[in-house]
Amino acid sequence: MKKRVLSCIQPTGHMHFGNYFGANKNWVDLQAEYECFYGVVDYHAMTMPYDVKKLRVNTWEMIFNLMAIGVKGENLFVQSLVPEHAELGWIFNNFAAMGRVENMTQFKDKSSDSKEKSSGFISVGLFDYPVLQAADILIYKADYVPVGEDQKQHLELTREIANRFNNQVGKEYFVLPETLLTKTPKIKSTADPSRKMSKSAGEKHYINVFADEARLLKQIRSAVTDTGETTEGQMSDGVANLFELLKAAGADEDHTSLMKDYEAGQLKYVDLKDAVGQALLGLNQGFVAAKAEILANKKDVKYQIKQSSERIRKVAQETVREVKELTGLLNVKF
Ligand code: ADP
C-alpha cells in the first residue's frame, strides 16, 4: 500500500514560478510515489480581511491552476466541502494551549502586517489558524506532510495538540505524520534579486507560470544581473537566481555549459537569459495549453472536484466520528 501525503495551499489569485518550483511542482512529483490528499484551504483564506466576491473564484482558479501544472483532480479537495476540518478544529481548540498559540510567529507577523496595512482589524480566525491547520493535518492520518521551514512551529503545535488529546482520552489515537523534507529552491525576484519572488511585492516581482510569451521573455530579458555591489569573484544574486531557475526548470545541459562559461569568465548574460527564457517558456506553453483545455471543460472539472472532495470527506468523517466517540460527544447515525 502507498504511504499517504497531505498538503494544503491557500486559494490566492496567481501562481508564479516561485510557488511552482518551491512548492507546487513537488505536489506533482509526489503523486508518483504516494497516495496524495491536496487541499485548497478556503477556510484559512478568511482569516485576513478579504473580498467575499473573490474567494470562490480564487478557489476554483487555484484548482484549475494546480490541475494545469499536473496535479490530478482525483487528489484535490476543497476544504469547505469537507466541513469536518472546522469541526475537528473546534474540538482541537480545547486541547491547544492559549500561551503556545499566542507565540506563533506567523500570527505575530501577519497581525502586525494587518495593523499596518488595513483598519487594524485582527480576527480570532487569524489567531486560531494553526489549530485549524492541526486539524487539516491530523484528520487524514497521513504518513507524511511536506513542510517548509516557516511551518515548523505550526507542526510542533500540532504535535502538542495530538499529545494532549491522546493523554486526555487515554489512547494513542493520533499518530503524528513525519515531515517530508524535500529540497526545493528559493526563487528570487528577477526585478530585485535581494528579495524573494512573491505576489505581495507587486507585479514585476513575480513571473506568472501562465504568462503570455512576450511578457515572460521580457521579464527574463530585463532581469537584474549585476548591481555593482558584488565583490570580485563572487556570483551576484541576480546571476545566481538565473542559474537556479535554469536548474529548477531541468535545463541541465545549458546549466552545465553556461556555468563553464561563467567559471572561465566568458559568460554572456544575454546567453544565460535566453536559456532561462526558453526553459521557462517550455514549461509555460504546456501549462497554458492544459489550462485552456480545463477552462473549456470547466463544468466537468468542477463536478470532478466535488466528487473527489466527497470521496476524501469520507476519510475525514470517519476520523471525526472516532474523535467524538473518544471525547464524549454524541454520535448519531442518521
Ligand atoms: P507569495 O509569497 O507569492 O504570496 P505564498 O506565500 O502564497 O506566495 O506561497 C505559497 C507556497 O509557495 C509556499 O509553500 C511557499 O513556500 C512557496 N513559495 C512562495 N514564494 C516562493 C519563492 N520565491 N521560492 C520558493 N518557494 C516559494
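1. In this model, an N or O atom in the side chain of Asn19 lies 3.2 Å from an oxygen atom of the ligand. Such a pair is a polar contact, that is, two N or O atoms within 3.5 Å. The model is predicted, with local features needing pLDDT of at least 70 and side-chain atom pairs counting only at pLDDT 80 or more, while totals for chains, interfaces and linings use all residues. Residues are numbered from 1 along each chain as its sequence is written, and side-chain values use heavy atoms, without hydrogens and water.

2. The side chain of His16 places an N or O atom 2.7 Å from an oxygen atom of the ligand. At Gly18 the backbone supplies the N or O atom, 3.1 Å from a nitrogen atom of the ligand. The protein buries 74% of the 540 Å² that the ligand exposes when taken alone (Shrake-Rupley method, 1.4 Å probe).

3. The residues surrounding the ligand include Gly22, Ala23, Pro185, Ile187 and Met197; each has a heavy atom within 4 Å of the ligand. By class, this shell holds four nonpolar, five polar and three charged residues, with Gly counted as polar.

4. The second largest pocket holds about 290 Å³ of space, a volume filled by probe spheres set on grid points. A pocket is an open set of points on a 1 Å grid where a 1.4 Å probe fits, with protein on both sides within 12 Å along at least five of seven lines; lining residues have an atom within 4 Å of a point.

5. Helix α12 (298-327) gives the largest share of this lining, eight residues. The lining has nine charged, two polar and two nonpolar residues.

Note on methods: A polar contact is a pair of N or O atoms within 3.5 Å; within protein, one must be able to donate a hydrogen and the other to accept it, and residues adjacent in sequence count only if both atoms are side-chain atoms. Helices (H or I, at least four residues) and strands (E, at least two) are DSSP runs, numbered from the N terminus.
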